[in-house]
Amino acid sequence: HVPRTTAAMEGMTMTKKNWTNIVVLGIGFFFLFTAFQTTGFVQTFTIKSFFSNCSNVNGSVRDGGIEISSSFANKIGYISLCIIYTFAAIGGWASVSIVAVFGPKICLIVSGSLYVLYIAILIRPYLPIIFIGAAVLGAGAGVLWTAQGQIMIQNSSKERMGTTSNIFWLMLQSSLPIGGMIFFAITKINSNANGCISHTTNYITFGVLLALGIAGILVLFFIQKSSQTAVSSDQAGVNNDDDETIATKHLLVGSREHDIVKETRTHAAINALANAVKLLFTFNMGCLCFTFIYTGYELNFWSGVFGTMIGNMKAFNTYNIGIAAAFVGIGEMVAGALFGILGKFTNRFGRDVVVLLGMLIHFATFLLIFFNMPDSAIINDKGDNKGYLFSPSNIYLVHLCAFLLGFADSIFNTQVYSLIGVLYPTDDLSAPAIALFKFFQSLTAAVGFLTSSFLVLKWQLLILTVLATTGTLSFAVVEWKHNRMSAQQNVQNVGT
């Protein structure tokens, strides 16, 4: 289960088994994240509806022996998402060691099962269990993505890494449109006059999502161990030893290999942590941290806050949450195709120009949301029905904003990964760089969900605008520095 180094990948030819593993991994994540991304998009609204029982929106309810006020019920989903991303940020540092010890396939299945467990909890939410489940899920999230990365590396040649990554990415991102339409269908059929989610609808919604998550875990069982070592000429030759001698030799060799692999894995995990700390204090990574922070805060906004705002508005039917989720996913897919699969063409303009485009799209989207949606929609239940300019709020404009949020989010993420790949191409630097990216992104998303429980829309949009500006400028500084150094290197090469 030791991941191949870049050097090993260079001499690798992808086999049918490798391609099969990539597709199986993509299908498994498609089902798993159809369940989880939909859960994250709708859970704040569904949990609030469950505890208010679609009627007692101004009083309080009892969950077992716990009395829950309506105002606190509005915040439970935000708090649980904050817990998930906090533990994801912390647990990500241990994920490399965990995957090294147990292997990527086992880690995929076990950590993926934690996602399924959390979805099961929301079928009949109970307050303490929601928070405990969120912490457990967050701790396993880093392991899931580290294991996914190792399987991708193990089954991809250097020449095909971009292709396999884009295939997986598109399969993953197609999960949100499907999940959104599932939620749309369920809430359309089981609509409620009060504009919230009834207990029956909640059972059906998370029951269906649970089944999809379980299907994803079952698919992951079909990932095969990739062939990494060819048979040597010595092994292929004639061996005159008897069967018992051969068996003894294999046991001794296997034992020595196990000790070497264990020592190598431990050493690699320690090195990865040390390299991450060193990278953090470099100029390039220090600048990129501002970009990482922005991707985390806007992740919180589109994945958890935006859908809740739609559900909290009197003018909109609940099923519009599902439609908005679908449009976010479509935006992610379209931008991913343009700037990921067609990256060779779009990168001619420069990554800094592409990120600038993403920032401008986000600015326009934030302005439209500000004009179209009320300040109180983030935290208030069925509050105002008008924005600063549009009265009543326009649902078609909401869905346009959903598409643009997904589109610009995909721009930032694809360009961040692209720049990290260029700046840190070696094995000992790429993994720590990605770990730092995920750490700052998850930590900032957690802060974003926490602030969403008390900051109204205009302050959220102001924070997003400031972070987008600093994140884009810092990204551009690093890109310009890299281009300048590359140009100087080319001149030197020509001179020699």
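Lys 458 forms a salt bridge with Asp 375, and the closest N and O atoms of the pair are 3.9 Å apart. Because Lys 458 lies in helix H18 and Asp 375 in the loop between H15 and H16, the pair ties together parts that are 83 residues apart in sequence. The two partners sit in unlike surroundings in this predicted model: Lys 458 is partly exposed, with a relative accessible area of 35%, whereas Asp 375 is buried, its relative accessible area being 16%.

The count of salt bridges comes to two. In the other pair, Glu 479 is joined to Arg 351, with 3.0 Å between the closest N and O atoms.

## Ala 476 in helix H18

Helix H18, which runs over residues 457-495, also holds Ala 476. With a relative accessibility of 7%, Ala 476 counts as buried. The C-alpha atom of Ala 476 is separated by 9.9 Å from that of Thr 291, although the two residues are 185 residues apart along the chain.

## Polar contacts of Thr 414

Thr 414 is placed in helix H16, residues 395-423, and is buried, with a relative accessible area of 15%. A polar atom of the Thr 414 side chain lies 3.1 Å from the backbone oxygen of Ile 411, and the side chain of Thr 414 also makes a polar contact, at 3.4 Å, with the side chain of Gln 415. As a general point, an α-helix has 3.6 residues a turn, so residues three or four places apart point the same way.

## A nonpolar surface patch

On the surface, Ile 98, Val 101, Phe 102, Ile 106 and Val 110 form a nonpolar patch whose accessible area together is about 460 Å². The elements that give two or more residues to this patch are helix H4 (76-102) and helix H5 (104-121), and H4 gives the most, with three residues. Val 110 is found in helix H5 and is partly exposed, with a relative accessible area of 48%.

Key. Residues numbered from 1 in each chain as written. Predicted model: local features only at pLDDT ≥ 70, side-chain atom pairs only at ≥ 80, totals over all residues. Heavy atoms only, no water. Patch = residues over 30% accessible without salt bridge, like charges linked within 9 Å, V, L, I, M, F, W, Y side chains within 5 Å. Areas by Shrake-Rupley, 256 points an atom, 1.4 Å probe, with all protein chains shown as cover. Salt bridge = Lys/Arg side-chain N within 4 Å of Asp/Glu carboxyl O. Helix = DSSP H or I, 4+ residues; strand = E, 2+ residues; numbered from the N terminus. Buried < 20%, exposed > 50% of the residue type's maximum accessible area, 1.4 Å probe, protein only. Polar contact = N/O pair within 3.5 Å; in protein donor to acceptor, adjacent residues only side chain to side chain.
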